[in-house]
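Dear colleague,

Please find the structure below, handed over for your own work. A written account of the findings comes after it.

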Amino acid sequence: MDRSDKALLAAFLVAAGLGTWTHCLMHDDGAIIIAAGWLGNFWDLYAGQIPDRAAAVLAMHGPAWWARSALDLDSGTYVALAHALYFAVPLVLWLVLRAVERDRLFSRLYLAIVLPMLYFPTELIFGLGIWMIWLALVSDLARSTASVALLTLLLGAIMAYSHAVLALMGLLFVVAGAALAVFRRRLPARTLFAVALLSVAILAVHFAMDHLLPPANATDGASHATNRLAYINPVWMLKTVVYFPMLAALWFLLLVPVTSPPRQGRRFAPVAILVVAALGLWFALAGTSLKTDTWARHTGVYVLALTLVLALPAPGSWLKAAERPLILFAAIVAVSAISFNVDVWLFGRYIDRELRPGIVDAATVADPWSSRPSGPTALRIAFKYGAGQDYVRDVVMPSYDFSRVPLAFYSYFRSDRRSVLFHPLGGGAEWRPYQCPAVERALGQARDSQDREFLELVARHYCAS
């Protein structure tokens, strides 16, 4: 490994280690997913509701469920193991990439692109790894056309059940790759054809599944339909980098090695890289980072496609030019991970003060927290520590309690299943993560009275009929 490999791996280990220690996935959708593996049949409670992403969901979260089924784990050990196994998936995919690639281009870019997404349990972490492994193999012109076809068939079947945006990313790759001919830089026609064919096939599979296998949970389906539009809405994507300027700095550092003019850029690029990196470090440290990982996926996939297109014609030159930007990239993500996990730790300590035995409506606690962040948005983006008189009460709690459903699951496992703080939901189409029949089946097989009582709460408030 060279210096950039070591820097990216170190940033990953820092993020994974801190995230496992604070149980960082439990503040968002990860709480719903991890709880499903503990409370009952993971497929029945959660994964079966989104069959078009089944391969990715089972790869990322299935091992913890199987371990819980095979071993007599207590809840604290199970949650820690679920985090460790989740973080192990991109690490394994990175190792596979290093084993199959001809150049270190693919493994470095994969580790870089998943780092800003790591704390949101997106299926893209798995899907991008399989896509990059496939592209690394297909880009090797020494392979026969028959082997490329077989690889596309086998790995394409996995990608089709991971995430539909892999197809959009592939189409951008093809369009940008074809446009390179204008600048007399070409990608192999076989590679472009294979990516185009795979992208069309993935889109066809997802359109067919939308028609033949609509989401079983209407509220979950509505959520996925809304989020899907974020990948094709340029206004939304622009908002993500405005609200989280750290992302703009990261994407700049990925693209700058292949966009700097060979002569004029020799003087300008190093200064620009350092300035942008300094800004990125500031926003990583001082900006509210709750949704950074959630929103990184909407633009990150396209930045990855463009970087690959520009780097593939001369991977050796890209690797040399990208060494310093990648090291700075890793530093920014490591600082962001530290800042984020400090907030998660503060969030947990605040929750601990409000926990008491039994099930408690969060609105009835002695010091209820505000559901709205205080201070202007610009201040929370630029300097979160000054956005409220009491940082934890005014900034951390409104930010990290942004999604109302996970609090019940988070507090249940944090208290070793002795206490639950929950927000009752209103009517309408608010997201309810489980289906009521699946919750009823889990109730019939609850391991003890604590799980039974919690599942009864879920049946009353958090299941869709």
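Predicted model: local features only at pLDDT ≥ 70, side-chain atom pairs only at ≥ 80, totals over all residues.

Residues are numbered from 1 along each chain as its sequence is written, and side-chain values use heavy atoms, with hydrogens and water left out.

**Salt bridges**

A salt bridge is taken as a side-chain nitrogen of Lys or Arg within 4 Å of a carboxyl oxygen of Asp or Glu. The structure contains 15 salt bridges. Helices (H or I, at least four residues) and strands (E, at least two) are DSSP runs, numbered from the N terminus. Buried stands for under 20% relative accessible area, exposed for over 50%, and partly exposed for values in between (1.4 Å probe, protein chains only).

One of the salt bridges joins aspartate 140 to arginine 102, at 3.4 Å from N to O. This pair links distant parts of the chain, 38 residues apart: aspartate 140 is in the loop between helix H7 (124-138) and helix H8 (145-160), and arginine 102 is in the loop between helix H5 (75-100) and helix H6 (105-114). Aspartate 140 is buried, at a relative accessible area of 14%, whereas arginine 102 is exposed, at 64%.

Lysine 384 and aspartate 343 form another salt bridge, with their closest N and O atoms 2.7 Å apart.

**Cavities**

On a 1 Å grid over the protein atoms alone, a cavity is a set of points where a 1.4 Å probe fits but cannot get out, and lining residues have an atom within 4 Å of a point. Grid points are joined across faces, edges and corners, and a volume is the space filled by probe spheres set on the points. By this rule there are 4 cavities of 30 Å³ or more.

The largest cavity holds about 110 Å³ of space. It is lined by 14 residues, of which Leu115, Tyr119, Asp293, Val333 and Ser336 are the closest to its centre. Helix H13 (245-259), helix H15 (292-311) and H17 each contribute at least two residues to this lining, and H17 gives the largest share, with 4 residues. For residue classes, Ala, Val, Leu, Ile, Met, Phe, Trp, Tyr, Cys and Pro count as nonpolar, Asp, Glu, Lys and Arg as charged, and the others, Gly among them, as polar. The lining of the largest cavity has 10 nonpolar, 3 polar and 1 charged.

The second largest cavity has a volume of about 90 Å³. Its lining includes Tyr243, Phe244, Phe283, Thr288, Ser336 and Ile381. H13 and helix H14 (265-286) each supply at least two of the lining residues. This lining comprises 7 nonpolar and 5 polar residues, and no charged ones.

**Helix H21**

In helix H21 (residues 436-444), the buried residues are Cys436, Ala438, Val439, Ala442 and Leu443. They span an arc of only 155° around the axis (taken from the directions from the helix axis to the C-beta atoms), which puts them on the same side of H21. Their cover includes helix H2 (29-39), helix H22 (449-461) and strand S4 (463-464).

**Two single residues**

Phenylalanine 329 is located in helix H17 and is buried, with a relative accessible area of 0%. Leaving out residues up to four places away in sequence, phenylalanine 329 touches Leu8, Ala112, Pro116, Leu250, Leu253 and Leu254, where contact means heavy atoms within 4.5 Å. Proline 270 is located in helix H14 and is partly exposed, at 30% relative accessibility. From proline 270 to alanine 179 the C-alpha to C-alpha distance is 27 Å, and the two are 91 residues apart in sequence.

With kind regards

Terms used. 1 Å grid on protein atoms, 1.4 Å probe; cavity = no way out; pocket = protein on both sides within 12 Å on 5 of 7 lines; lining within 4 Å.
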